[in-house]
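Good morning. Please have a look at it first.

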Amino acid sequence: MSESFIKPTDIYCSSCGAKLTTKDGHCSSCGKLVGEAQYAGIERIGAAGKGYSENTKHESFARASKATNKGVMIILPIIALVIIVALIVMGVSPIGSIIAGVATYILMLIIALLNMRKKPSWEGTVEKKSYEKIKRQGADRRTYLIKFKTDDGKTKKQVWHSYSPVWDYLQESDKVRYVGDIGGVNAFEKYDKSEDESIPCACCGKLMDPRYTYCTICGALLLKGKTS
Ligand SMILES: [Zn+2]
Ligand SMILES: [Zn+2]
């Protein structure tokens with residue numbers, strides 16, 4: 001039964017985090033049912049519990065962020081190449097186009113490396129959510145911001161350069177922990193997840209069913225608290 005329960009986004013097993021291979025609706029690593037069927041009878045709301053996860057050093061984070069970083073490293077030279085070709089087509093000299101492409105590549109690489117760098121963890125409260133409309137390449141885009149107040153009185157700012165479900169998920173006055181050593185802009189865990197219908201993956205930022213143990217998109221362990 002229930003191959004139909006498997007969504008196209010299910011790349012990793014929600015129970016064991018292994019890369020998914022299945023023929024009869026069961027994960028070939030742990031044998032558990034894949035998809036929603038496994039969680040029949042378990043209440044979705046409340047499944048992520050209350051309190052911060054004790055598993056912030058889990059091995060799955062290194063693997064998940066390595067996969068994301070690898071994706072970025074492949075995309076950057078492709079973007080640079082597209083810029084060079086576009087400029088040449090637009091009549092810019094080949095040398096000028098190559099210089100512009102390489103300069104953009106270096107800039108994007110620096111930004112990517114700065115984002116990948118591991119940052120120290122902190123705990124605090126969501127103070128203010130906002131977004132800014134910016135013009136980029138002639139189109140209206142939004143930059144998403146959250147201002148936090150840390151428990152030791154500092155102000156922290158997090159910026160998402162495109163829409164992130166994590167920005168939507170976090171609400172003003174929420175108590176949160178920034179799990180910086182996981183890396184990236186999505187590494188936030190809310191203290192009280194007991195009312196949540198979905199929780200974001202701290203690595204890729206995608207919203208997941210709180211009954212899952214692992215993110216089915218990147219294979220990272222989901223940060224959950226204690227259920228009463
Ligand atoms: Zn499994
Ligand atoms: Zn993920």
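Before the sites, a definition: a donor is an N, O or S atom within 2.8 Å of the metal (3.2 Å for Na, K and Ca), and water is not among the atoms, so sites may look incomplete. With that rule, the donor residues of the zinc ion (ligand 1) are spaced in sequence as C-x2-C-x10-C-x2-C.

Some ground rules. This is a predicted model, in which local features need pLDDT of at least 70 and side-chain atom pairs count only at pLDDT 80 or more, while totals for chains, interfaces and linings use all residues. Residues are numbered from 1 along each chain as its sequence is written, chains are lettered from A and ligands numbered from 1 in the order in which they are written, and side-chain values use heavy atoms, with hydrogens and water left out.

Back to the zinc ion (ligand 1). Which atoms coordinate the zinc ion (ligand 1)? They are the SG atoms of C13, C16, C27 and C30, at 2.3 to 2.4 Å. Both C13 and C27 lie in the segment before α1, so the pair ties together parts that are 14 residues apart in sequence. Helices (H or I, at least four residues) and strands (E, at least two) are DSSP runs, numbered from the N terminus.

The angles among the four donor atoms of this site are 105 to 112 degrees, and the site is tetrahedral. The cut-offs are these: four donors count as tetrahedral if all angles lie between 85 and 135 degrees; four count as square planar and six as octahedral if opposite donors are over 155 degrees apart and all others between 65 and 115; anything else is irregular. For reference, the ideal angle for four tetrahedral donors is 109.5 degrees.

Are C13 and C27 buried or exposed? C13 counts as buried at 1% relative accessibility, and C27 is buried with a relative accessible area of 3%. Buried means under 20% relative accessible area, exposed over 50%, and partly exposed in between (1.4 Å probe, protein chains only).

Now the zinc ion (ligand 2). Its donors are the SG atoms of C201, C204, C215 and C218, at 2.3 Å. The spacing of these donor residues in sequence is C-x2-C-x10-C-x2-C. C201 is in the loop between β6 (199-200) and β7 (207-208), and C218 is in the segment after β7, so this pair ties together parts that are 17 residues apart in sequence. Why is the arrangement around the zinc ion (ligand 2) tetrahedral? Because its four donor atoms subtend angles of 101 to 119 degrees. C201 is buried, at a relative accessible area of 0%, and C218 also counts as buried, at 9%.

Next, the domains. The protein is divided into domain 1 (64-116) and domain 2 (120-208), with bounds that come from an automatic or database domain assignment. Taken over C-alpha atoms, their centres are 27 Å apart.

That brings us to the spaces. On a 1 Å grid over the protein atoms alone, a cavity is a set of points where a 1.4 Å probe fits but cannot get out, and a pocket is an open set with protein on both sides within 12 Å along at least five of seven lines; lining residues have an atom within 4 Å of a point. Grid points are joined across faces, edges and corners, and a volume is the space filled by probe spheres set on the points.

The largest pocket has a volume of about 1,500 Å³. It is lined by 43 residues, and those closest to its centre are V72, I111, N115, H161 and V185. α1 (59-89) supplies the largest share of this lining, seven residues. Both domain 1 and domain 2 give residues to the lining, so the largest pocket lies between them.

As for cavities, there are two of 30 Å³ or more. The largest cavity has a volume of about 50 Å³, and β5 (188-190) gives the most to its lining, with three residues. Among the other residues that line it are Y169, P200 and L223. The second largest cavity holds about 40 Å³ of space.

One last residue. S173 has a positive phi of about 80 degrees although it is not a glycine. S173 sits in the loop between α3 (165-169) and β4 (175-178), and at 60% relative accessibility it counts as exposed.
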